[in-house]
Structures are given as C-alpha cells and as structure tokens.
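Trainee: I have just opened this entry and would like a guided look. Could we begin with the strands?

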Amino acid sequence: KLDPQIILKEKNVEIRREIVRKIGIERIINKLKSKTLEKGIDFNGNPCELLLLNLGDGRKRPYIKLINPSTGTYHIEGVPPDCLDLTKTWIFRNGTKEKPIVLT
C-alpha cells in the first residue's frame with residue numbers, strides 16, 4: 001500500500017534502501033514512469049538496462065538497472081545526466097574504457 005513516490009522525498013540512503021525492499025524496484029520504476037534507453041549485458045553476463053526516470057520535479061535522470069552480485073537482486077544506480085548510452089555509463093561507473101577484471 002506504500003506509494004512508491006515516497007522514495008523521491010527521502011534523503012537517508014538506508015531508509016531509501018528499505019523503501020525499495022518493501023515496495024520493490026519494479027514497482028518504483030513503473031511509478032516513476034521510466035523509459036528504457038538501452039538494454040544490454042553487464043560485465044558479469046547479466047541483463048541490464050539504462051533507464052530514464054521522471055523524478056517528479058521536472059528532471060528526468062538516467063539510472064542503470066543491474067543485478068547486485070552480492071545479493072542477486074536488481075537495483076538501480078544513478079549516473080550523470082550525460083550518460084545516455086551504456087558505453088558512457090560503463091566508462092563513468094568503472095572510471096575507464098577497459099573491461100573490468102572479474103575476480104573469482
């Protein structure tokens with residue numbers, strides 16, 4: 001019954017994480033009227049999406065939706081406004097154009 005838009009008002013990252021856990025990332029993404037900019041595969045071989053989320057204040061910001069390797073669940077991470085494709089997103093996130101080494 002929680003309104004997914006409450007996440008837009010919450011500043012505390014721990015509380016936002018709990019909001020996402022209780023509401024579910026898919027419901028939040030849907031409520032924020034996301035638009036998929038690009039789909040792809042992350043460096044762990046899992047599906048990922050670059051989304052544009054409507055933050056409700058006139059801003060639409062890009063977020064990358066990917067599986068957290070520690071928990072096995074999807075989460076989203078904000079990226080700079082100029083990251084409008086996965087290539088730019090990976091360069092920002094990893095700090096390099098080089099493919100990251102996956103440690104086993």
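Mentor: Lys35 stands opposite Leu52 in β2. Lys35 itself belongs to strand β1, residues 35-41; strands here are DSSP runs (E, at least two residues), as helices are (H or I, at least four), numbered from the N terminus. The model is predicted, with local features needing pLDDT of at least 70 and side-chain atom pairs counting only at pLDDT 80 or more, while totals for chains, interfaces and linings use all residues. Residues are numbered from 1 along each chain as its sequence is written, and side-chain values use heavy atoms, leaving out hydrogens and water.

Trainee: In which sense do β1 and β2 pair, and over how many bridges?

Mentor: They pair in the antiparallel sense over 6 bridges; two strands count as paired if DSSP finds at least two bridges between them. Their hairpin has 5 residues between the strands, and Gly45 there takes a positive phi near 85°.

Trainee: And which strand does β2 join on antiparallel bridges besides that?

Mentor: Strand β3, residues 60-67, is joined to β2 by 6 bridges, and the two run antiparallel. Leu53 stands opposite Arg61 in β3. In the hairpin of β2 and β3, Gly56 has a positive phi near 80°.

Trainee: Is β2 mostly covered or mostly open?

Mentor: Strand β2, residues 47-54, is mostly covered, with 6 of its 8 residues buried. Buried means under 20% relative accessible area, exposed over 50%, and partly exposed in between (1.4 Å probe, protein chains only).

Trainee: Changing topic, how many salt bridges are there?

Mentor: The structure holds 7, each being a side-chain nitrogen of Lys or Arg within 4 Å of a carboxyl oxygen of Asp or Glu. One of them joins Lys65 and Glu49, whose closest N and O atoms are 3.6 Å apart. That pair links distant parts of the chain, Lys65 in strand β3 and Glu49 in strand β2, 16 residues apart. Both Lys65 and Glu49 are buried.

Trainee: What about the salt bridge of Arg17?

Mentor: Arg17 bonds with Glu14 in a salt bridge, at 2.5 Å between the closest N and O atoms. Both lie in helix α1, residues 13-23, 3 residues apart, which is about one turn of the helix. Arg17 is partly exposed at 48% relative accessible area, and Glu14 is partly exposed at 43%. A network of salt bridges links Glu14, Arg17, Glu18 and Arg21.

Trainee: Which residue does Asp57 meet in a salt bridge?

Mentor: Asp57 meets Arg59, at 2.9 Å from N to O. Asp57 is partly exposed at 47% relative accessibility, and Arg59 is partly exposed at 40%.
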